[in-house]
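Let's take a walk through this model together, helix by helix, and finish with its pocket. Have the sequence and the 3D view ready as you read.

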Amino acid sequence: MKAEILNAFLRATTDTLRTETADEVSRVGLAAINVPNLTDDVTVVLAVVGNPRGLVQYGMSTETTLAMAGAMVGQSFPEINDLVLSGVAELGNVITGRASMFLSQMQYECDITPPSVMVGKGARFSTLGITRIVIPVQTRYGPFHVYVALQTDT
């Protein structure tokens, strides 16, 4: 996967988290993974169609999910509910939308699907042969993982 695509998602993630949660973000690594199972408590999934195409996922622990949703709406949540899930789904939507705008500026033409949210670890999740690159970032609310599984025509 091209570094410019990963950088678009990293930039979109840091910009969005700074705006939506008033938090600074630091990248804490980068790795290719071939694990077919979801490893986070909460995972937001969006498809990217066009060029590039594939899937993007945003994963976090229950604690991080609750803290980020709380920061976004200005209240605390004792447990995951529909408002929390809606908040993190929208967070994934905004990050991916912003990344697609950055990609458009680099002459990539793609669109995104509405987000879906999966709750619970361990579900098998195939990216249909596209390697997932994980960009782990650290926030004051806890770890936030950006999984990018995209391929380009060129």
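Predicted model: local features only at pLDDT ≥ 70, side-chain atom pairs only at ≥ 80, totals over all residues.

Helix H1 covers residues 3-21. Its 19 residues should span 27 Å at 1.5 Å a residue, and the end C-alpha atoms are 26 Å apart, which agrees. Just after H1, Ala22 has a positive phi of about 55 degrees.

Which residues of H1 are buried? They are Ile5, Leu6, Ala8, Phe9, Leu10, Ala12, Thr13, Thr14, Asp15, Thr16, Leu17 and Thr21. As a reminder, an α-helix has 3.6 residues a turn, so residues three or four places apart point the same way. The buried residues of H1 pack against both strands and helices: strands E1 (26-27), E4 (53-60), E7 (132-139) and E8 (142-151), together with helices H2 (62-73) and H3 (82-105).

Begin with Leu6, which sits in helix H1. With a relative accessible area of 10%, Leu6 falls under the 20% cut-off and therefore counts as buried. Setting aside residues up to four places away in sequence, Leu6 touches Met1, Leu30, Ile133, Ile135 and Val148. Gly120, by contrast, is 114 residues from Leu6 in sequence and 26 Å from it in space, C-alpha to C-alpha.

Further along H1 comes Thr13. Is Thr13 buried or exposed? It counts as buried, because its relative accessibility is 0%. Beyond its neighbours within four places in sequence, Thr13 is in contact with Tyr58, Ile95, Val137, Phe144 and Val146. Thr21, also in H1, is buried too, with a relative accessible area of 4%. A polar atom of the Thr21 side chain lies 2.6 Å from the backbone oxygen of Leu17. Apart from neighbours within four places in sequence, the contacts of Thr21 are Thr16, Met68, Ala71, Met72, Arg140 and Tyr141.

## Helix H2

What about H2, and how many residues does it have? There are twelve, and the distance from the first C-alpha to the last is 17 Å, close to the 16 Å expected at 1.5 Å a residue. Gly74 follows H2 and has a positive phi, near 75 degrees.

Buried in H2 are Thr64, Thr65, Leu66, Met68, Ala69 and Gly70. Met68 is also one of the contacts of Thr21. The cover over the buried residues of H2 includes helices H1 and H3, along with strand E3 (42-51) and strands E4, E7 and E8.

## Helix H3

H3 has 24 residues and reaches 35 Å from its first C-alpha to its last, where 34 Å is expected at 1.5 Å a residue. At the start of this helix, a side-chain oxygen of Asn81 comes to within 3.0 Å of the backbone nitrogen of Leu83. Just after H3, Gln107 takes a positive phi of about 75 degrees.

## The largest pocket

Rolling a probe the size of a water molecule over the atoms shows where empty space is left. In this model, the largest pocket holds about 150 Å³ of space.

Which residues lie nearest the centre of the largest pocket? They are Asn34, Val35, Pro36, Thr127 and Ile130, among the 13 residues of the lining. By class, that lining has six nonpolar residues, five polar and two charged.

Notes
Residues numbered from 1 in each chain as written. Heavy atoms only, no water. 1 Å grid on protein atoms, 1.4 Å probe; cavity = no way out; pocket = protein on both sides within 12 Å on 5 of 7 lines; lining within 4 Å. Points joined across faces, edges and corners; volume = space filled by probe spheres on them. Nonpolar A, V, L, I, M, F, W, Y, C, P; charged D, E, K, R; others polar. Helix = DSSP H or I, 4+ residues; strand = E, 2+ residues; numbered from the N terminus. Buried < 20%, exposed > 50% of the residue type's maximum accessible area, 1.4 Å probe, protein only. Polar contact = N/O pair within 3.5 Å; in protein donor to acceptor, adjacent residues only side chain to side chain. Contact = heavy atoms within 4.5 Å. Expected span 1.5 Å × (residues − 1).
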